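The sequence and structure come before the comments.

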Amino acid sequence: MERSNNTVTEFNLVGFTTDPVMQLVLFVVFLGVYSLTVVANATLIVLICNDSRLHTPMYFFIGNLSFLDLWYSSVYTPKILLTCISEDKSISFAGCVCQFFFSAGLAYSECYLLAAMAYDRYMAISKPLSYAQAMSIKVCAFLVASSYLGGFINSSIITKRTFALNFCSGNIIDDFFCDLYPLVKLACGRKDGYQTVLYLILCSNVITPTVLILASYQFIIATILRIRSTQGRLKAFSTCSSHLVSVTLYYGSILYIYSRPRSSYSLDTDKIVSTFYTVVFPMLNPMIYSLRNKDVKEALNKLIK
């Protein structure tokens with residue numbers, strides 16, 4: 001990657017606080033959250049791989065979502081833990097580039113993957129007779145591969161444009177990781193072209209999947225309303241309720257940070273919201289998809305026995 005025209009060789013992460021006691025408390029909290037994230041997502045992946053009853057398109061996507069969340073959380077949390085217990089808050093220029101690239105790529109990939117999962121629910125509920133043929137293993141694999149490909153292509157573009165900026169306003173990043181707006185805040189010079197690319201990336205990776213998800217649920221709701229029995233409606237809605245909760249939490253936090261006017265940005269508030277979708281959300285996803293899921297519970301009991 002072409003280096004920006006400046007002498008910055010490393011960045012210093014401000015993190016959440018400089019109070020040693022609070023840093024220790026945060027270390028324990030983040031360590032607990034990360035441990036639970038690894039165990040929960042890894043367990044869900046093992047269950048889906050081992051139990052033949054879970055070899056369906058829906059669980060194929062859930063397993064890939066767990067894998068993505070496991071990877072996504074590992075991009076941030078180890079560095080957060082290190083900065084909580086170490087006086088050295090620095091991250092090298094190359095390390096910042098790598099963290100930015102993978103965090104953006106995985107975030108964009110998750111947006112596409114959630115849209116693919118919405119399409120899967122649409123086919124299952126609206127067109128059940130052709131569902132097995134339409135959502136074959138080849139189609140599911142293609143949708144997952146396309147999600148990663150689209151996410152990392154866009155990540156390459158925004159990463160190259162971001163780190164080509166001239167960081168002439170210092171190297172202090174007022175955040176706990178190398179995020180977009182704290183980095184842009186350090187840059188100087190004309191950024192009109194960069195803002196245009198940023199908005200295009202936002203539209204292609206967040207707005208477009210959001211529209212696809214809303215369109216899928218519009219058809220899903222129309223189909224559910226045509227079901228005569230109340231029990232049938234509840235059963236149909238229950239198959240997509242977990243995905244709907246997941247989409248609401250993830251897209252809500254993403255859109256809150258990256259689609260607001262620049263005049264309303266608050267780094268302190270954004271740190272809290274960023275913590276949710278980077279650290280907490282990967283822990284919640286396996287719980288959302290398994291706590292009320294009878295098949296997953298039975299697979300877990302079988303594995304334990």
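1. Basis. The model is predicted, and local features need pLDDT of at least 70, side-chain atom pairs count only at pLDDT 80 or more, and totals for chains, interfaces and linings use all residues. Residues are numbered from 1 along each chain as its sequence is written, and side-chain values use heavy atoms, with hydrogens and water left out.

2. Salt bridges. A salt bridge here is a side-chain nitrogen of Lys or Arg within 4 Å of a carboxyl oxygen of Asp or Glu. The count under this rule is three. In one of these, Arg 53 pairs with Asp 51, at 3.0 Å from N to O. In another, Arg 53 pairs with Glu 298, at 2.9 Å from N to O. This second pair links distant parts of the chain, 245 residues apart: Arg 53 sits in the loop between helix 1 and helix 2, and Glu 298 in helix 10 (residues 294–304). Helices (H or I, at least four residues) and strands (E, at least two) are DSSP runs, numbered from the N terminus.

3. Network and burial. Through shared partners, salt bridges join Asp 51, Arg 53 and Glu 298 into one network. For accessibility, buried means under 20% relative accessible area, exposed over 50%, and partly exposed in between, with a 1.4 Å probe and protein chains only. Asp 51 is buried because its relative accessible area is 5%. Arg 53, at 40%, counts as partly exposed, and Glu 298 is also partly exposed, at 31%.

4. The remaining pair. Arg 121 and Asp 120 form a salt bridge with an N to O distance of 3.0 Å. Both Arg 121 and Asp 120 are buried.

5. Rolling a probe the size of a water molecule over the atoms shows where empty space is left. On a 1 Å grid over the protein atoms alone, a cavity is a set of points where a 1.4 Å probe fits but cannot get out, and a pocket is an open set with protein on both sides within 12 Å along at least five of seven lines; lining residues have an atom within 4 Å of a point. Grid points are joined across faces, edges and corners, and a volume is the space filled by probe spheres set on the points. The second largest pocket holds about 230 Å³ of space. It has 16 lining residues, and those closest to its centre are Ile 48, Leu 54, Thr 56, Tyr 59 and Phe 60. Helix 1 (20–50), helix 2 (57–85) and helix 5 (137–162) are the elements that give two or more residues to this lining. Helix 2 has the largest share, with six residues.

6. Ala, Val, Leu, Ile, Met, Phe, Trp, Tyr, Cys and Pro count as nonpolar, Asp, Glu, Lys and Arg as charged, and the others, Gly among them, as polar. On this basis the lining of the second largest pocket has eleven nonpolar and five polar residues, and no charged ones.

7. Cavities. There are three cavities of 30 Å³ or more in the structure. The second largest cavity has a volume of about 120 Å³. Of its 13 lining residues, Val 14, Gly 15, Phe 16, Thr 83 and Cys 84 lie nearest the centre. Helix 1 and helix 2 each supply at least two lining residues, and helix 2 gives the most, with three. The lining of this cavity consists of seven nonpolar, four polar and two charged residues.

8. Ile 213. This residue is in helix 7 (residues 192–225) and counts as buried because its relative accessibility is 3%. Contact means heavy atoms within 4.5 Å. Beyond its neighbours within four places in sequence, Ile 213 is in contact with Leu 114, Ala 115, Ala 118, Val 247 and Tyr 251.

9. Ile 45. This residue lies in helix 1 and is partly exposed, at 22% relative accessibility. Ile 45 touches Gly 63, Ser 66 and Phe 67, leaving out residues up to four places away in sequence.

10. Ser 90. This residue is in strand 2 (residues 90–92) and is buried, at 14% relative accessible area. Leaving aside neighbours within four places in sequence, Ser 90 is in contact with Glu 10, Phe 11, Asn 12 and Lys 79.
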